[in-house]
Amino acid sequence: MSAASFDGAVPRPRVADGARAGRTVRAGRALSVRVEGRTLTVCVVLLLLLAAVVSVSLTTGDYPISVPDVLRTLLGRGERADEFIVLGLRLPRVVTGLLVGAALGVAGAVFQLVTRNPLGSPDVIGFTSGAVTGALVVLLVLQLGGWAVSFGALVGGGVTAALVYLLSSRGGVQGYRLILVGIGASAVLQAGNSYLLTRSRVEDAQSAQLWITGSLNGRGWEQATPLGIGLAVLLPVLLVAGRSLTLLDLGDDAARALGVDVGRTRALVLVLATALTALAAMAAGPIAFVALAAPQVARRLTGAVGAGLVTAGLTGALLLLVSDLAAQRVFAPTQLPVGVVTGAVGGLYLAWLLVSQWRRGRG
Amino acid sequence: MPTSTPPRPAGPAPGPAPGPDASPLPTRRRRVHRPTALLVALVLLLVAVTASLAVGSREIPLGTVVDALRGAGGNAQDVLVVRELRVPRTLVGIAVGVALGLSGALMQALTRNPLADPGLLGVNAGAAAAMVTAVGVLGLTSRLQLVWAAVAGAAVVSVLVYLLGATGRGGATPVRLALAGTAISAALYAYVSGMVLLDTRTFDRFRFWQVGTLAGHDLTVVTQLLPFFVVGTVLALSQARSLNALALGEDSGRALGAHVGRTRVLTAVAVTLLCGAATAAAGPIAFVGLAVPHLVRALTGPDQRWVLPLSCLVSPALLLFGDVLGRVVVRPGELEVSIVTAILGAPVLIALVRRRRLAQL
């Protein structure tokens with residue numbers, strides 16, 4: 001079995017395509033970024049869409065507030081009621097969603113590059129199952145709530161991911177081995193999760209189910225702040241490492257020949273991506289599908305050479321915010337958890353995307 | 001070393017198997033004698049069936065079990081336990097085991113993806129979605145109605161995944177099938193979690209269905225699903241030769257006289273029938289379909305004419321042993337078989353992955 005047998009759907013970098021070679025923007029000697037016309041356009045469009053979704057999220061709801069009022073409130077000159085709703089409820093939720101979506105999108109892009117598998121996502125290394133197990137143990141066995149749940153998820157996911165790394169490393173972590181060991185670990189954990197759900201009272205089990213679906217309901221600054229700090233530290237490191245990631249995509253030998261320390265790069269970016277996923281899960285629970293879909297969508301939008309971490313992050317944020325909006329409004333007054341909508345929207349969108357690509361004879 | 005020995009050719013080394021990972025080139029490992037493997041598997045299955053009939057929370061001596069099976073008298077309660085509980089449970093175990101092992105092996109051959117398992121082509125998601133619809137929307141409750149709903153859901157979704165994967169030029173390639181399955185599964189599981197969050201009754205039913213078990217069935221489930229199991233098995237075994245040819249690649253396969261499209265469709269139909277029936281009968285049992293073909297290939301090599309029949313024996317044996325173990329470990333309670341198989345199977349898979357390159361598909 002070679003890794004190449006199941007990475008066929010990742011579009012190969014179109015190096016020979018002279019028309020989109022892009023140009024290099026330098027800032028000093030240390031930092032240089034290759035900017036490509038189409039990628040830049042896609043990023044700008046994504047940012048505009050994000051701004052539009054954020055303003056819709058801030059202005060609409062049970063208590064509509066006009067755009068000028070929101071702006072005034074953001075500048076600290078709004079009315080008290082507006083202040084409570086915008087700054088206390090809507091803004092932290094939107095910010096949390098933005099950050100969670102971005103974290104998942106970037107983490108997914110890293111996983112797909114390292115495992116060289118279009119289905120690569122934090123799920124494949126067992127992180128999500130481990131996080132759910134941790135949360136279920138806290139919720140159902142220890143009968144605790146609040147921060148203890150997030151902590152349980154972090155411990156569960158972290159321990160699982162570390163175990164999977166250790167078990168799959170033998171002279172360096174290899175993509176396919178990582179995936180297989182992850183599947184094995186997930187199988188055990190999911191069995192344990194189902195067991196925990198059947199052995200508890202139905203009310204407890206259902207509220208646990210709510211958590212493990214992933215939700216932004218009732219998220220505030222206490223979730224958004226640590227997430228924001230974490231991302232501010234991790235994202236720049238990943239973006240720098242992203243350049244060697246692009247070379248990894250050419251294959252281990254080619255990357256080695258170009259001077260990349262393949263083993264160390266892979267281990268580093270995997271740890272960083274797992275940390276991003278952990279932060280996201282602590283804030284909102286394990287939200288399905290964003291990490292899987294966002295990089296795929298981003299890659300097809302840009303058709304870009306390279307890791308596409310930025311576009312994947314923006315796509316993830318947009319996907320999550322739109323889904324959260326739908327989760328709040330479509331079944332109102334029932335507030336569905338956003339995980340339900342990301343799964344539905346992401347799944348259907350990926351299906352549509354695949355079909356339209358295949359119709360055109362690509363991918 | 002005597003100098004008269006000619007240097008060995010660089011190709012496949014004869015004699016004892018080279019160490020694991022000795023060479024990145026495909027090397028010919030020494031295989032176990034394949035008829036022996038078949039015989040051992042058969043014996044294992046017989047032992048598993050016996051254990052499944054004889055072991056349980058109620059201790060019944062083997063002699064009494066045999067008497068009960070023959071219809072001879074004895075303690076009425078013992079007879080009842082054996083005939084009404086353990087026999088159906090064992091039969092469900094055999095049918096589901098064969099179906100899971102075969103469909104796993106077929107799927108891995110069809111998608112040429114070592115990770116393929118019944119979850120991949122949307123079968124489990126389809127069954128789960130149909131199940132929550134049946135309970136939550138249609139208000140069905142009887143076990144048999146739910147079984148039929150699950151079969152229907154699995155079938156519809158498999159066809160959908162296949163159609164999606166087959167759009168456009170190039171047809172249903174392995175990666176396309178996997179991607180299509182993932183996309184549709186994600187959407188369906190979202191629907192499932194929405195349904196179970198909105199309705200407590202559906203959730204309560206679903207959380208028990210979600211843990212696959214062989215317990216609590218009567219024989220009607222087996223007899224009703226029997227056509228699915230039989231047709232699926234026959235269809236599966238008939239595709240062995242064509243799948244061997246396709247394993248060489250599409251073009252070589254075609255040159256060897258295999259019909260690429262027909263083989264894919266027939267294999268997919270077999271997988272749907274088998275997994276759909278297995279999931280309907282016992283709920284989703286992860287891991288057996290994934291792990292058994294790997295175990296079997298490690299013994300026999302990639303020849304589907306050996307992999308498929310041997311999977312038919314090893315998989316039910318594994319499932320029944322798991323079920324028996326689940327009855328014993330937490331006495332007087334029980335652990336569902338899906339939990340046991342996952343706990344037992346995962347370390348095996350991990351050890352396999354770590355020890356050597358997986359047997360070539």
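## Buried helix α4 in chain A

A residue counts as buried here when its relative accessible area is under 20%. Keep that cut-off in mind while looking at this predicted model. In helix α4 of chain A, twelve of the 15 residues pass that test, so the helix is largely enclosed by the rest of the structure. The buried set starts with Phe127(A), Thr128(A), Ser129(A), Gly130(A), Ala131(A) and Val132(A), and it carries on with Thr133(A), Gly134(A), Ala135(A), Leu136(A), Val138(A) and Leu140(A).

As for its dimensions, α4(A) covers residues 127–141 and reaches 20 Å from its first C-alpha to its last, close to the 21 Å expected at 1.5 Å a residue. After the helix comes Gln143(A), which has a positive phi, near 60°.

## Chain A as a whole

Zooming out, chain A has 13 helices and two strands. Its 363 residues include 55% that count as buried. What about contacts along the sequence? Taking those between residues at least 6 apart in chain A, 75% join residues at least 24 apart.

## Two helices packed in chain B

Over in chain B, helix α5 (residues 143–166) packs with helix α11 (residues 260–282) at an angle of about 150°, and the two axes are 8 Å apart. Angles over 145 degrees count as roughly antiparallel, so that is the label for α5(B) relative to α11(B). The crossing of this pair is right-handed.

Who does the touching? On the α5(B) side, the contact uses Val147(B), Ala150(B), Val151(B), Ala154(B), Ala155(B), Ser158(B) and Tyr162(B), while α11(B) brings Arg264(B), Val265(B), Ala268(B), Thr272(B), Gly276(B) and Ala280(B). Sorted by class, that contact has nine nonpolar, three polar and one charged residues.

## Two residues to look up

Is Val330(A) buried or exposed? Val330(A) sits in the loop between α12 (309–329) and α13 (338–359) of chain A. Its relative accessibility is 59%, and exposed means over 50%, so Val330(A) counts as exposed. Eleven residues along the chain from Val330(A) is Val341(A), and their C-alpha atoms are separated by 10.0 Å.

Now try Leu290(B), which belongs to helix α12 (residues 288–300) of chain B. Leu290(B) has a relative accessible area of 2%, so this residue is buried. Leu290(B) and Ser103(B) are 187 residues apart along the chain, yet 9.2 Å separates their C-alpha atoms.

How values were computed:
Residues numbered from 1 in each chain as written. Chains lettered and ligands numbered in written order. Predicted model: local features only at pLDDT ≥ 70, side-chain atom pairs only at ≥ 80, totals over all residues. Heavy atoms only, no water. Axes fitted to C-alpha atoms, helices over the stretch in contact; angles between N-to-C directions. Helix = DSSP H or I, 4+ residues; strand = E, 2+ residues; numbered from the N terminus. Parallel < 35°, antiparallel > 145°, perpendicular 65-115°, else oblique. Left-handed = near helix turned anticlockwise from the far one by under 90°. Contact = heavy atoms within 4.5 Å. Nonpolar A, V, L, I, M, F, W, Y, C, P; charged D, E, K, R; others polar. Expected span 1.5 Å × (residues − 1). Buried < 20%, exposed > 50% of the residue type's maximum accessible area, 1.4 Å probe, protein only.
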